[in-house]
Amino acid sequence: MSIIRVTSDNWQEVISLPLSVVVFTKDDCQDCKLWIDKLHDSKDFEEITFAIINLSEKGLGKIKIENPWISQIDILPFNVLFINGKLHDNWSGANEDRLIQIIKPYK
């Protein structure tokens, strides 16, 4: 499975997909790295678009201004389910069972 890296240029495109999960990370988040590796290796989520937004990267100001809830993220990894451009659910942590339960109704 490929995982898209989110930038200010492709943010709207990624969240506007029929079903996408955006994982918020930071450079120093070891749990984030493990979660992304697990998602990358999984065969259970091939019909879902996964994207990563690294909050340590510069150039994300426009996304953060347009989505003030991002500044409230305090536990990483932080996952957000978008369906056709609308935020449907969000949760912290790297829990595959929780991910399955959240996306199940939308598959």
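This is a predicted model: local features need pLDDT of at least 70, side-chain atom pairs count only at pLDDT 80 or more; totals for chains, interfaces and linings use all residues.
Helices (H or I, at least four residues) and strands (E, at least two) are DSSP runs, numbered from the N terminus. Residues are numbered from 1 along each chain as its sequence is written, local features need pLDDT of at least 70, and side-chain atom pairs count only at pLDDT 80 or more. Totals for chains, interfaces and linings use all residues, while side-chain values use heavy atoms, with hydrogens and water left out.

Is Asn79 buried or exposed? Asn79 is buried, with a relative accessible area of 1%. Here buried means under 20% relative accessible area, exposed over 50%, and partly exposed in between (1.4 Å probe, protein chains only). The side chain of Asn79 makes a polar contact with the side chain of Trp35, at 2.8 Å. A polar atom of the Asn79 side chain also lies 2.8 Å from the backbone oxygen of Gly93. A polar contact is a pair of N or O atoms within 3.5 Å; within protein, one must be able to donate a hydrogen and the other to accept it, and residues adjacent in sequence count only if both atoms are side-chain atoms.

Contact, or touching, means heavy atoms within 4.5 Å. Not counting residues up to four places away in sequence, Asn79 touches Val21, Val22, Val23, Trp35, Asp89, Asn90, Trp91, Ser92 and Gly93.

**The sheet**

E4 belongs to an open sheet of five strands, in the order E1-E3-E2-E4-E5 and with mixed pairing. Strand E1 (3-5) and E5 are the edge strands, each pairing on one side only. From one strand to the next, the twist averages 25 degrees. Strands of a sheet pair through backbone hydrogen bonds, either parallel or antiparallel. Two strands count as paired if DSSP finds at least two bridges between them.

| Strands | Sense and bridges | A bridge partner pair |
|---|---|---|
| E1 and E3 | parallel, three bridges | Ile3 and Phe50 |
| E2 and E3 | parallel, six bridges | Val21 and Phe50 |
| E4 and E5 | antiparallel, six bridges | Ile83 and Lys86 |

E3 is largely enclosed by the rest of the structure, because five of its six residues are buried.

Helices lie against this sheet. H2 lies across E1, E2, E3 and E4, running at about 155 degrees to E2. H4 packs on the sheet as well, touching E2, E3, E4 and E5, and its direction makes about 160 degrees with that of E5. Axes are lines fitted to C-alpha atoms, for helices over the stretch in contact, and angles run from 0 to 180 degrees between N-to-C directions.

**The nonpolar cores**

A nonpolar core is a set of buried Ala, Val, Leu, Ile, Met, Phe, Trp, Tyr and Cys residues joined through side-chain atoms within 4.5 Å. The largest such core has 19 residues, of which Val6, Trp11, Val22, Phe24, Ile53, Ile63 and Leu76 touch the most other members. Helix H1 (11-15), strand E2 (20-25), strand E3 (49-54) and strand E4 (78-83) are the elements that give two or more residues to this core. A second, separate core of 14 residues includes Val21, Trp35, Phe45 and Ile83.

Ile53 has contacts with Val6, Trp11, Val22, Val23, Phe24, Thr25, Leu60 and Ile63, not counting residues up to four places away in sequence.

**Helix H4**

Which residues of helix H4 (residues 96-103) are buried? They are Glu96, Leu99, Ile102 and Ile103. These residues cover an arc of only 125 degrees around the axis, which puts them on the same side of H4; the arc is that of the directions from the helix axis to the C-beta atoms. They pack against E2, helix H2 (30-41), E3, E4 and strand E5 (86-92). The face turned away from the buried side of H4 carries the exposed residues Asp97 and Gln101.

At the start of H4, a side-chain oxygen of Asn95 reaches to within 3.0 Å of the backbone nitrogen of Asp97. Arg98 is also found in H4 and counts as partly exposed, at 39% relative accessibility. Not counting residues up to four places away in sequence, Arg98 touches Asn90, Trp91 and Ser92.
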